Amino acid sequence: MIVAEQKPLGEIKGLLGEARKVLIVGCGTCVTVCFAGGEREASVLGSLLRMSSRLDGAPTTVTDVTVQRQCEWEYLDAIRERVADADVVLSLGCGVGVQALAEHYPEPVVVPGLNTKFMGLPLEQGVWAERCAACGECMLGLTGGICPIARCSKQLLNGPCGGSSHGKCEINPEIDCAWQLIYDKLQAQGRLNLIMEIIPAKDWRTSRDGGPRTIVREDLKLPKPATAEA
Amino acid sequence: MVTSDIRSQSPEQLGDLELNILAFCCHYCAYAAADLAGSLRLQYPPSVRVVKLPCAGKLDVLLVLGALEHGADGVMVAGCLEGDCHYQHGNLNAKRRVGYVQALLTEIGLEPERVRMFNMSSAMGQRWAEAVTAMDEQIRALGPSPLRRPADELQAEGR
């Protein structure tokens, strides 16, 4: 899932500026699960902003609404009136959600309330760790299900660097050495032969390095209506 | 429910400052202790209005924020003694949330001391009276909440 963190309140207030009517839009998917921008977080932030604005002497009307997923037009359609009513829309979606809101509703000012961090998972309640870098060409089949792109600080493809020490990374001793994890996993599964396969230099064109990516599935696209609607 | 329990009055209308403190009490211990204080005819400040929860663990951060937003001068959260929660560790959850709310209040410039947690057993009627007295003193020292709103404004909103 996408893991994000709420921006500090001071920064959010700065982004809202002189707005008198603010609509907070929460998202019910990833940011709910990482407790950054769900319905609860939107309500709490709304209450804090209302109180804070009154204490600052400039009471602001702040309401909140949460959609199931902020990155899909159909879900955003449902809040059209709420958006029209606001001076500024404070999106608690990930970067995708903020942009979807801004694209779907081009007139209002849309500002982000979160910093989108990474794709990862919850290790335990309250702890999230990065697991995927969206490199576009998954090699997890060769590395026992552990990603050297996301989890190796140097994104090495053929074993650890000389800095790997007692299973920890030299960049940050709190980080597990991904190649140690890969080795241990393949050994436990009796598949250590996989590690002998040399992975050639990565073609990063499938990653962000090749520019913003688009996927088109012709088999899923809906046929356009034969005549344009009036 | 919560908002109708808070009726803001401007200090000028009152002789001695009348405080509005909301107390979220767990059914098994704190509420029972409050009830016992009544049975024992203990005297304590009248500034507290009790809201019963099945367990302090039911306390929602939004309940506390809502109370303060609508003008409560203080919010007490009272639960079972640590280790003795009827629902195992609801009181510990409440403790965590009270700490979280205090941090949020500091961020917006409201005194975190307006929210405070107390622990007691159902047999501790005296402790309830002491807790309310301590809370009343603490809030009185802080003064009325800067977020108090005139009664007519609340009435106009149907609260």
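Colleague: At what angle do α1(B) and α4(B) pack, and how many Å apart are their axes?

Modeller: In this predicted model, α1(B) and helix α4 (residues 125-142) of chain B pack at an angle of about 95°, with axes 7 Å apart; axes are lines fitted to C-alpha atoms, for helices over the stretch in contact, and angles run from 0 to 180 degrees between N-to-C directions. Helices here are DSSP runs of H or I with at least four residues, strands are runs of E with at least two, and both are numbered from the N terminus.

Colleague: What does that make them, parallel or perpendicular to each other?

Modeller: α1(B) and α4(B) are therefore roughly perpendicular, a label for angles of 65 to 115 degrees, whereas under 35 counts as roughly parallel, over 145 as roughly antiparallel and the rest as oblique.

Colleague: Which residues meet there?

Modeller: From α1(B) come B:A33, B:A34, B:L36 and B:A37, which meet B:G125, B:R127, B:W128 and B:A129 of α4(B), where contact means C-beta atoms, placed from the backbone, within 7 Å. Six of the residues in this contact are nonpolar, one is polar and one is charged; Ala, Val, Leu, Ile, Met, Phe, Trp, Tyr, Cys and Pro count as nonpolar, Asp, Glu, Lys and Arg as charged, and the others, Gly among them, as polar.

Colleague: How are numbers, letters and cut-offs set?

Modeller: Residues are numbered from 1 along each chain as its sequence is written, while chains are lettered from A and ligands numbered from 1 in the order in which they are written. Because the model is predicted, local features need pLDDT of at least 70 and side-chain atom pairs count only at pLDDT 80 or more, while totals for chains, interfaces and linings use all residues.

Colleague: New topic: what elements does chain B have?

Modeller: Chain B holds five helices and four strands, in the order β-α-β-α-β-α-β-α-α from the N terminus on.

Colleague: And how many residues does each chain give to the contact between A and B?

Modeller: Chain B gives 13 residues and chain A gives 10. On the side of chain B that touches chain A, α2 (61-69) and α3 (90-108) of chain B each give two or more residues, and α2(B) supplies the largest share, six residues. That side divides into nine nonpolar, two polar and two charged residues.

Colleague: Where is chain A divided into domains?

Modeller: Domain 1 of chain A covers 2-118 and domain 2 covers 134-210, with bounds from an automatic or database domain assignment. Taken over C-alpha atoms, their centres are 37 Å apart.

How values were computed. Two residues are in contact if their C-beta atoms, placed from the backbone, lie within 7 Å.
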